[in-house]
Amino acid sequence: MMQSRSSPVHHSIGVIVSTYNNPEWLEKTLWGYSKQSHDKFELIVADDGSGEATKRLIDRMRASRFPHLKHVWHPDNGFQKTVILNRSLAVAESDYLIFTDQDCVPRWDFVEIHMRNAAPNRFLSGGYLRLPMDLSKHLSEEHICSGQAFELAWLRSKGLPVSIKNMKLFDSQFFSRALNALTPTRASWNGCNASGWRNDLLAANGFDERMKYGGEDRELGERLENAGIAGRQVRFSAICLHLDHSRPYKNKLDYDTNRAIRVETRIAKRIRTEHGLKDPYSPSL
């Protein structure tokens, strides 16, 4: 593995990757984590009830790349991302945690960027560059591990549409810092690419387990902000590629329920949920 280019730090870091029944995409994402410049990190797969194919993939990854990978699993009972993330948070041992998804392939410096920008009373808000389905399927282990998949010219040659969002792939620290400062996008807790201190997340009692798909991640960030923990943008520096997929679990009822919870959180200035972490958990590792 590559050696860390980051300056010395005094905290441990972990990555929690949520997944559900898509081992093809999860494998591509884990390839990205196998080539990080900072390679000393805890890795947890938060599995919302996947079947045997995902377990076989994780067993292979343990044998070949990540001997200490933790697989936190519970039975499939519909969309329970907040529940499995809380179970993963409960077993995490690192001081600082990155949260991301099975469909977000990290650039070689992804962990390092989060680690460099970690600071007291702060969480980090990242984003992603969305790929079309044909290009998502085309990405190979070689493309990801060599870094070619993150070269804008190569992606354009393979069909990536022209978009102002492609500026995320410009390889310039000065440019990315400037865009992080200038973007009008709010620094929210985005489940695909966000990080924070484990103690802050525990103090907030983790994710609100009443919430299904639709802003369920952002509600945690809103409670952190109510507690004086401010979001900071890293969307133009902590880079990941979003692999395309459908969302059969998306529905208006869940979205409206989540929206009502988020409104209540803002009005009450809630900093802790009563519907979060439960003790003790007994995860499958």
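Helices, like strands, are DSSP runs numbered from the N terminus, a helix being an H or I run of at least four residues. The model described here is predicted. Just after helix α11, Lys 269 takes a positive phi of about 50°.

Helix α11 itself spans residues 252-268. Its 17 residues reach 24 Å from the first C-alpha to the last. This is close to the 24 Å expected at 1.5 Å a residue. Five positions of α11 are named as buried: Asp 254, Asn 258, Ile 261, Arg 262 and Thr 265. They lie on the same side of α11, because they cover an arc of only 100° around the axis. The cover over these buried residues includes α10 (216-226). The face turned away from the buried side carries exposed residues, namely Lys 252, Leu 253, Arg 259 and Ile 267. The N-terminal end of α11 is capped by Asn 251. A side-chain oxygen of Asn 251 lies 3.2 Å from the backbone nitrogen of Leu 253.

An open sheet of 7 strands runs in the order β3-β2-β1-β4-β8-β6-β9. Its pairing is mixed. The edge strands are β3 (70-73) and β9 (230-233), each of which pairs on one side only. From one strand to the next, the twist averages 20°. Helix α2 (residues 52-64) packs on this sheet. There α2 touches β1 (13-19), β2 (42-47) and β3. The direction of α2 makes about 165° with that of β3. Arg 122 stands opposite Ala 230 in β9.

Strand β2 is largely enclosed by the rest of the structure, because 6 of its 6 residues are buried. Burial applies to residues pointing either way from the strand. Glu 42, Ile 44 and Ala 46 point one way from β2. Leu 43, Val 45 and Asp 47 point the other way. β2 pairs with β1 in the parallel sense over 6 bridges. In this pairing, Gly 14 stands opposite Glu 42 of β2.

The loop between α1 (23-33) and β2 holds Asp 39. Asp 39 has 17% relative accessibility, and therefore counts as buried, the cut-off being under 20%. The side chain of Asp 39 is joined to that of Lys 40 by a polar contact of 3.0 Å.

A further open sheet has 3 strands in the order β5-β10-β7. Here too, the pairing is mixed. β5 (104-106) and β7 (129-130) stand at the edges. Each has a single partner strand, so one side of each is left without a neighbour in the sheet. β5 pairs with strand β10 (residues 240-242) in the antiparallel sense, over 3 bridges. The bridge partner of Cys 104 in β10 is His 242.

Key. Residues are numbered from 1 along each chain as its sequence is written. This is a predicted model: local features need pLDDT of at least 70, side-chain atom pairs count only at pLDDT 80 or more; totals for chains, interfaces and linings use all residues. Side-chain values use heavy atoms; hydrogens and water are left out. Helices (H or I, at least four residues) and strands (E, at least two) are DSSP runs, numbered from the N terminus. The expected span of a helix is 1.5 Å times one less than its number of residues. Buried means under 20% relative accessible area, exposed over 50%, partly exposed in between (1.4 Å probe, protein chains only). The arc is that of the directions from the helix axis to the C-beta atoms. Contact means heavy atoms within 4.5 Å. A polar contact is a pair of N or O atoms within 3.5 Å; within protein, one must be able to donate a hydrogen and the other to accept it, and residues adjacent in sequence count only if both atoms are side-chain atoms. Two strands pair if DSSP finds at least two bridges between them. Axes are lines fitted to C-alpha atoms, for helices over the stretch in contact, and angles run from 0 to 180 degrees between N-to-C directions.
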